[in-house]
Amino acid sequence: MSLVTAIKLGAAAAAAAFLVASPAFAGKGDLDKGRAKAIEICAPCHGENGWSDAPGVPNLAGNADLFLQWQLVYFRNGRRPSDVMGTIANLLSDADINNLGAYFASLPPVNIPETPDKNPQLTETGKALVQQHRCANCHGDNFLGMRAAARLANQREDYLVKALADYRSAARPSAGVGAMIEATASLSDDDIAAVSHYLARLPANP
Amino acid sequence: MHKPLGLFATVCAAALGLAFAVGPAAALKSYDSSKPSFWKNPPPDWFLGDETDAQKGLAPPAGPATPTSFDELNADLKKIKLAPGFKIEVYASGIPEARQMAWGDKGTLFVGSFGATNVYAVTEKDGKREVKTILKGLTMPTGVAFENGALYVVAIDKLLRYDDIEDHLDKPPAPVVVYDDMPSYVAHGWKYLAADKDGKFYIPFGPPFNIGIPPTSVAQIRRVDPKTGLAELVALGVRNSVGGDVDPRTGDYWFSENARDWISDDLPSDKLNHISHLGEHFGYPYCHQGDLPDPKFAMGHKCSEFTPPVLNLGAHVAPLGMKFYTGDMFPADYKNNIILAEHGSWNRHNYQGGRIVRIAVDPDGKNPKQEVLAEGWITGPQDYFGRPDDILQAKDGSILVADDWAGAVYRISYAK
């Protein structure tokens, strides 16, 4: 299937996506308990379905279970400092973290319908950088995330910019022997803009 | 700043469109690790720098984000196969990334950690065990030891002493730096401690890469005197050693050693070594497993120039913490055996190791015999529910096993 076809199909098939968006890591969380907790504390910013409308707030739906859990652990132990997320994560037990990871991983990923690319040159630059830095090695061939590596395809562009800048300044820790800190160390602001633009436009369900 | 990756861009471009068919990239990773710029700021995937076609795509698995719960641990331990008469149980849970263990004089169990940056204390009160995080924010505080009322912690490039620790678990004193003549390389810079009868510590120094001519400050074992801050160089040519112990029969130091990666699933073997005289060279990077010259770094050297291993333990079994057994609980033929925790593979298609073995061996290193004491933590070709990484004997002669994957400590006991 071509990428363009995938985007079109994906936009129409959010429900079907539920079936194919199985996380690569078989977690141990309880979906119902995860849903209840998510509605209580996550939904106001991240959306009940894990689709964020808020600038700078990431989509969580369809992300890798283990990635989500590690981020909550980092927020809770202060290794990823955040006033909002630190406060919330402090309320979570290990079981809550297992359940929330499983729940958001089980949701159909955000799938923004294809729109004209206003900056195809930036897309090309981003694609080259992503290949140069071999992002697919950890994030998967289609950037859907796996194990402790985040889903990048179709993530909010503004959030990808923030995340890459945070890794670059070591404002957040990196799973996997510091991989993201080092991978971003040589990126300029323009590089980060290009990488984010490219990844945000990739299909959620290739 | 390194820029090792541009080489691959064009190849990847072709591969990406065919991602379903051929995987992420056709090119193999290759790093030039021969320069200080690499050692000081290695690329994120420094351990993948010598990729081969045969081993391509293998990488260390990411463990669970949260420690395995007590109930789940109990269910998991039912699947562990033990030598006859032995029993395994959960000693303590909720210890993220648990690494080396040490006993305090008053019965506190201290536990180091890997990336979690913590040191823990497990205490027992009214028959209930409690896990406290007593130190936070250290860089890879994997190694711990206890001497004269003080806790020693080694965190990459500093050996720290926390005096009178057991009376101050809730508010530990500021540490005294007792030794810091150590390189700050994090790659293979995580260490365990082993004290001898003089209160000096054997400390391993691993090279900051898989294979290459190492910086002169590493690929060695030192004996460090925490009283004076002076160190002797006792062994050379050692790759990544994370575990060792002093032989109660002779006072000699023995250690486990993780061999280089990226040759094949079955080569080279990890090793058990014995230092019989000062300054012995154990072969790295020239020769592996006593008989395998390195394809690139042998550079004309023969394996016969180096001290061979006491025992080849198997490829990619990842031997870490080890202790000579001196207790009375286990059968008599366990006396003075080495009990060794194997952390298990990542650079192998079908993981192996991930178990506890015992090795009977003469004091001079002759007649080694190995037997499995406990196994079953490997749950699939490339998955675990636990990874043993250290051994500690308890007063009653049972042994404790640390597991950084499950974030737990187990107890193995024996009854006739």
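Let's start with Cys138(A): this residue is partly exposed, at a relative accessible area of 44%. By partly exposed I mean between the two cut-offs, where buried is under 20% relative accessible area and exposed is over 50%, using a 1.4 Å probe and protein chains only. Please keep in mind that this is a predicted model, where local features need pLDDT of at least 70, side-chain atom pairs count only at pLDDT 80 or more, and totals for chains, interfaces and linings use all residues. Residues are numbered from 1 along each chain as its sequence is written, chains are lettered from A and ligands numbered from 1 in the order in which they are written, and side-chain values use heavy atoms, with hydrogens and water left out.

Another cysteine of chain A, Cys45(A), is also partly exposed, with a relative accessible area of 41%. Cys138(A) is in no disulfide either, and its nearest cysteine sulfur, in Cys135(A), is 8.9 Å away.

The partners are Cys287(B) and Cys303(B), with their sulfur atoms 2.1 Å apart. They link distant parts of the chain, 16 residues apart: Cys287(B) sits in strand β19 (residues 287–288), and Cys303(B) in the loop between β20 (292–293) and β21 (311–315) of chain B. Strands here are DSSP runs of E, at least two residues long, numbered from the N terminus. The torsion about the S-S bond is about 105 degrees, so this disulfide is right-handed. Are its two ends buried or exposed? Cys287(B) is buried at 4%, and Cys303(B) is buried at 15%.

Strand β21 brings us to a sheet in chain B. Four strands form an open sheet in the order β15-β16-β17-β21, with antiparallel pairing; two strands pair if DSSP finds at least two bridges between them. β15 (244–246) and β21 are at the edges with a single partner strand each, so one side of each has no neighbour in the sheet. Inside that order, β16 (residues 253–257) and β17 (residues 269–274) pair over four bridges, and Ser256(B) has Leu272(B) as its bridge partner.

Last stop: Asp404(B), in the loop between β29 (399–403) and β30 (408–414) of chain B. Asp404(B) counts as buried, at 13% relative accessibility.

Definitions and conventions
Disulfide = S-S within 2.5 Å.
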